[in-house]
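Here are my notes on the model, as numbered points. Please read them with the coordinates open.

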Amino acid sequence: MLRRYHTQAPKHVNEPGDVEAAPKAQALTETPAGNASAEQWRTYAIEQRGADPEQVAGMKRDELREQYGPKPE
């Protein structure tokens, strides 16, 4: 006979119809670090700066950082 040691399912397991699903990843709202990946910079440029996804698709990280990152004072 198998014993059940847990009376409830672990918190990270969602049963069908569970209203409390796992939280979605938060949108990138802060400027990425200078050495962040090109994908992080691309996401930031599109979601926060309104960049055209097709335009930024071929850009390198340094190009994205220069165009969409903070401007030095």
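Is aspartate 62 buried, partly exposed or exposed? Aspartate 62 counts as partly exposed, at 40% relative accessibility. Buried here means under 20% relative accessible area, exposed means over 50%, and partly exposed lies in between, with a 1.4 Å probe and protein chains only.

1. Basis. This is a predicted model: local features need pLDDT of at least 70, side-chain atom pairs count only at pLDDT 80 or more, and totals for chains, interfaces and linings use all residues. Residues are numbered from 1 along each chain as its sequence is written, and side-chain values use heavy atoms, with hydrogens and water left out.

2. Overall make-up. The protein has 3 helices and 0 strands. Along the sequence the pattern reads α-α-α. Helices (H or I, at least four residues) and strands (E, at least two) are DSSP runs, numbered from the N terminus. Of the 73 residues in the protein, 16% are buried. Take the contacts between residues at least 6 apart in sequence: 25% of these join residues at least 24 apart. Contact means heavy atoms within 4.5 Å.

3. Helix 1 with helix 3. Helix 1 spans residues 38-49 and helix 3 spans residues 61-68. Their axes come within 8 Å and cross at roughly 30°. Axes are lines fitted to C-alpha atoms, for helices over the stretch in contact, and angles run from 0 to 180 degrees between N-to-C directions. The two helices are therefore roughly parallel to each other. The angle classes are: under 35 degrees, roughly parallel; over 145, roughly antiparallel; 65 to 115, roughly perpendicular; the rest, oblique. The crossing is left-handed. That term applies if the near helix is turned anticlockwise from the far one by less than a right angle; clockwise would be right-handed.

4. Residues of that contact. Helix 1 contributes Ala38, Trp41, Arg42, Tyr44, Ala45 and Arg49. They meet Arg61, Leu64, Arg65 and Tyr68 in helix 3. The contact divides into 6 nonpolar, no polar and 4 charged residues. Ala, Val, Leu, Ile, Met, Phe, Trp, Tyr, Cys and Pro count as nonpolar, Asp, Glu, Lys and Arg as charged, and the others, Gly among them, as polar.

5. Arginine 42. This residue belongs to helix 1. Arginine 42 is buried, with a relative accessible area of 15%. Its side chain meets that of glutamate 39 in a salt bridge (3.1 Å, N to O). A salt bridge is a side-chain nitrogen of Lys or Arg within 4 Å of a carboxyl oxygen of Asp or Glu. Glutamate 39 and arginine 42 are 3 residues apart in helix 1, so about one helical turn separates them. Not counting residues up to four places away in sequence, arginine 42 touches Val56, Ala57, Met59 and Leu64. From arginine 42 to leucine 64 the C-alpha to C-alpha separation is 6.8 Å, across 22 residues of sequence.

6. The salt bridges of aspartate 62. The structure holds 3 salt bridges. One joins the side chains of aspartate 62 and arginine 61 (3.3 Å, N to O). Arginine 61 is partly exposed, at 29% relative accessibility. Another joins the side chains of aspartate 62 and arginine 65 (3.1 Å, N to O). Aspartate 62 and arginine 65 both lie in helix 3, 3 residues apart, about one turn of the helix. Arginine 65 is partly exposed too, at 32% relative accessibility. Shared partners join Arg61, Asp62 and Arg65 into one salt-bridge network.

7. Asparagine 35. This residue sits in the segment before helix 1. Asparagine 35 is exposed, with a relative accessible area of 64%. Beyond its neighbours within four places in sequence, asparagine 35 is in contact with Arg61 and Arg65. Asparagine 35 and arginine 65 are 30 residues apart in sequence and 9.1 Å apart in space, C-alpha to C-alpha.

8. Proline 32. The segment before helix 1 also holds proline 32. Proline 32 is buried, with a relative accessible area of 10%. Leaving aside neighbours within four places in sequence, proline 32 is in contact with Gln40, Trp41 and Tyr44. Proline 70 is 38 residues away in sequence and 9.9 Å away in space, C-alpha to C-alpha.
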